[in-house]
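Reader: I've got a model open and I'd like to learn how to read it. Can you walk me through it?

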Amino acid sequence: MKSIRIGTRNSALALWQAREVARHLQNNNYLTEITPIVSSGDKNLNQPLYSLGITGVFTRDLDVALLNDEIDIAVHSLKDVPTQLPHNIEIIAHLERDFPQDVLIRRESARDKEFHELKLATSSLRRRAFWLKHYPDTQFFDIRGNIQTRLQKLEEQDFDATILSLAGIKRMKMDINYEMLPVMIPAASQGVIAIAGHSEKPEINEILQSINHKQTQICVEMERNFLSTLEGGCTAPIGAFAEKIGNQIRFKGALCSLDGKNYIAIDESFEYNEEENFGEKFANIVLENGGRELMAEIKTQL
Ligand SMILES: NCc1[nH]cc(CCC(=O)O)c1CC(=O)O
């Protein structure tokens, strides 16, 4: 049997995630090989992502490799994958989500500062806006690069703290202190490793079903439907997180103005059924409660 060619970006986190997918496939007796691919998102580190004006900077090169049959599957952090996929590319499986949360990481010299006094480095509109909602006078700095680069910048530059995804920190086994931020709603599909494939490769796609985590899939599809219904093709401060609790799903979602002053949120627990598109339903509630005007306002500010 031929081995499954796994395409990945070549950052440490991406490689770890690709190995994790390989491990799941090997446990099911499939052979695998890993093919790292340099993405244009990694080559362009001076500008914040939203200002590059295109979605899918991290995924585009892997999409091309899939379409050219250079790889059989592509492993992604699902939160970096646009909700609109190119023709013939599909998300075919999800690994189980482990740590969805955002966490705060401070430099030693800022250990005793209160949250509202921190000078914060993040280039995420969502993290910035949700933080400003609680601490409106915070000073922000842009920061780009992978987790290791960002932590190094935190040591060297003139800001106190940064906000990162806990999943990335755990996967990189970083030995650092972090603080949970319960008021921040994670980005849609944060913490989820997803596998993309070519729509016209049913054999591979069937194999991938054997490692798909259905519960995770249900939650992230809801989050991503919420996001795509709200977003209409721009990057806005939107959080979305669905979680199974007992036999219910709890969905938290929010849209926030860039300055954090206007915040429209959903927090619902319900029994899941396949027929109802809950993500779209909750997004429409947000849109009808001022979200439409807020989205229009945000689009003029980006
Ligand atoms: N946007 C960058 C990115 N994409 C995926 C992760 C980490 C893994 C994840 O949260 O899924 C990160 C780093 C971060 O947000 O701190």
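Reader: Let's start with the domains. How many residues of domain 1 are in contact with domain 2, and how many of domain 2 with domain 1?

Author: Keep in mind that this is a predicted model. Ten residues of domain 1 touch 13 residues of domain 2. On the domain 1 side, seven of the touching residues are nonpolar and three are polar, with no charged ones.

Reader: Now the ligand. Which domains does the shell around the ligand draw at least three residues from?

Author: Domain 1 and domain 2 each give at least three. The residues around the ligand are S77, K79, D80, I147, L164, S165, A167, G168, Q190 and G191.

Reader: How should I read helix 8 packing with helix 9?

Author: In general, you describe two packed helices by the angle between their axes and the distance between those axes. Here helix 8 (residues 214-231) and helix 9 (residues 278-301) pack at about 30°, with axes 8 Å apart. An angle under 35 degrees counts as roughly parallel, so helix 8 is roughly parallel to helix 9. Their crossing is right-handed.

Reader: Which residues make that contact between helix 8 and helix 9?

Author: On helix 8 they include M222, F226 and L230, and on helix 9 they include F282, V286 and M295. By class, the contact has nine nonpolar, five polar and four charged residues.

Methods:
Residues are numbered from 1 along each chain as its sequence is written. This is a predicted model: local features need pLDDT of at least 70, side-chain atom pairs count only at pLDDT 80 or more; totals for chains, interfaces and linings use all residues. Two residues are in contact if their C-beta atoms, placed from the backbone, lie within 7 Å. Ala, Val, Leu, Ile, Met, Phe, Trp, Tyr, Cys and Pro count as nonpolar, Asp, Glu, Lys and Arg as charged, and the others, Gly among them, as polar. A residue is near a molecule or strand if its C-beta atom, placed from the backbone, lies within 6 Å of it. Domain bounds come from an automatic or database domain assignment. Axes are lines fitted to C-alpha atoms, for helices over the stretch in contact, and angles run from 0 to 180 degrees between N-to-C directions. Helices (H or I, at least four residues) and strands (E, at least two) are DSSP runs, numbered from the N terminus. Angles under 35 degrees count as roughly parallel, over 145 as roughly antiparallel, 65 to 115 as roughly perpendicular and the rest as oblique. A crossing is left-handed if the near helix is turned anticlockwise from the far one by less than a right angle, and right-handed if clockwise.
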